[in-house]
Amino acid sequence: MAAGPKPLRSDAARNRDKLLVAATEIFADRGIDAPLEHIARRAGVSIGTLYNHFPTREALLAEVLPQQLAALERISADAMAEPDPWDGFVVFLEGLFTLQSQDQMLNDALTQGFTLATDVSQACHQGFIDAERIIARAQEAGRLRADFTMSDLVTLIWAMSQVIRESMDSAPGTWRRVLSFFLDGLRAEAAHPLLPGAPSVATDNRP
């Protein structure tokens, strides 16, 4: 029988925990490209100690991102619990973008291309499965325009991430105003045909 991972010494375990706390704070404040040296300094350890525990940036992100992504499950559950499918769709988008506005790491993770650990990729994939159900429910009720696709959701997430990133310091509530304009354009009763030349179904580029 193969031996399991060797338990960390108590001091090493404490350093690892301090690094995870510092990484969560700094990535949330500065995004996934934040200097790892700043994380080590916040944790009170050397950069060598950081690399001993987490050889790559991706390895560190793989430890801290799943907890942040878990909040998407709660948002999806709240959306599906709404009696009105349109309200559920709005709850989902508002909840998602609120999370992104509060956590630059999550904002980056949902929109930037980088190597994701398996468990992180699975969490993202599950989030898109939940989103498909929320969208279908609103469309079946005749509340969300029928030509809105998952690829459109990906584009909307990307666009809102840019608004959040650029206005975070100067006008942090700007994204809510922009979302209101988007939502008016997504109501089935206000829908107009797509502009000439616009593809009827965009390429699905979910994680």
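Predicted model: local features only at pLDDT ≥ 70, side-chain atom pairs only at ≥ 80, totals over all residues.
Residues are numbered from 1 along each chain as its sequence is written, and side-chain values use heavy atoms, with hydrogens and water left out.

Let me begin with the overall fold. The protein chain has 10 helices and 0 strands, where helices (H or I, at least four residues) and strands (E, at least two) are DSSP runs, numbered from the N terminus. Of the 207 residues in the chain, 38% are buried, and buried here means under 20% relative accessible area, with exposed being over 50% and partly exposed in between (1.4 Å probe, protein chains only).

Now to helix α1, residues 10-30. Its 21 residues, at 1.5 Å a residue, should span 30 Å, and its end C-alpha atoms are 30 Å apart, which agrees; the expected span is 1.5 Å times one less than the number of residues. Among the buried residues of α1 are Leu19, Leu20, Ala22 and Phe27, and what covers the buried residues of this helix includes α2, α3, α4 and α7. After α1 comes Gly31, whose phi is positive, near 95°.

Where are the nonpolar side chains gathered? In the largest nonpolar core, which has 33 residues, Phe89, Phe92, Leu93, Phe97, Leu144 and Leu153 touch the most other members; such a core is a set of buried Ala, Val, Leu, Ile, Met, Phe, Trp, Tyr and Cys residues joined through side-chain atoms within 4.5 Å. The elements that give two or more residues to this core are α5, α6, α8, α9 and α10, and α6 gives the most, with 8 residues. A second, separate core of 21 residues includes Ala22, Phe54, Leu61 and Val64.

My last topic is the aromatic rings. The structure holds 3 aromatic pairs, and rings of Phe, Tyr and Trp (its six-membered ring) pair if their centres lie within 6.5 Å, with planes under 30 degrees apart counting as stacked, over 60 as edge-to-face and the rest as tilted. Trp86 and Phe89 form a tilted pair, because their ring centres are 5.6 Å apart and their planes are at 45°. These two residues are 3 residues apart in helix α6, residues 85-102, so they are separated by about one helical turn. Trp86 counts as buried, at 3% relative accessibility, and Phe89 is buried too, with a relative accessible area of 0%. Phe89 also pairs with Phe148, edge-to-face, at 5.9 Å centre to centre and 75° between the planes. Because Phe89 lies in α6 and Phe148 in the loop between α8 and α9, this pair ties together parts that are 59 residues apart in sequence. Phe148 is itself buried, with a relative accessible area of 7%, and Trp86, Phe89 and Phe148 form one aromatic cluster.

Notes. Contact = heavy atoms within 4.5 Å.
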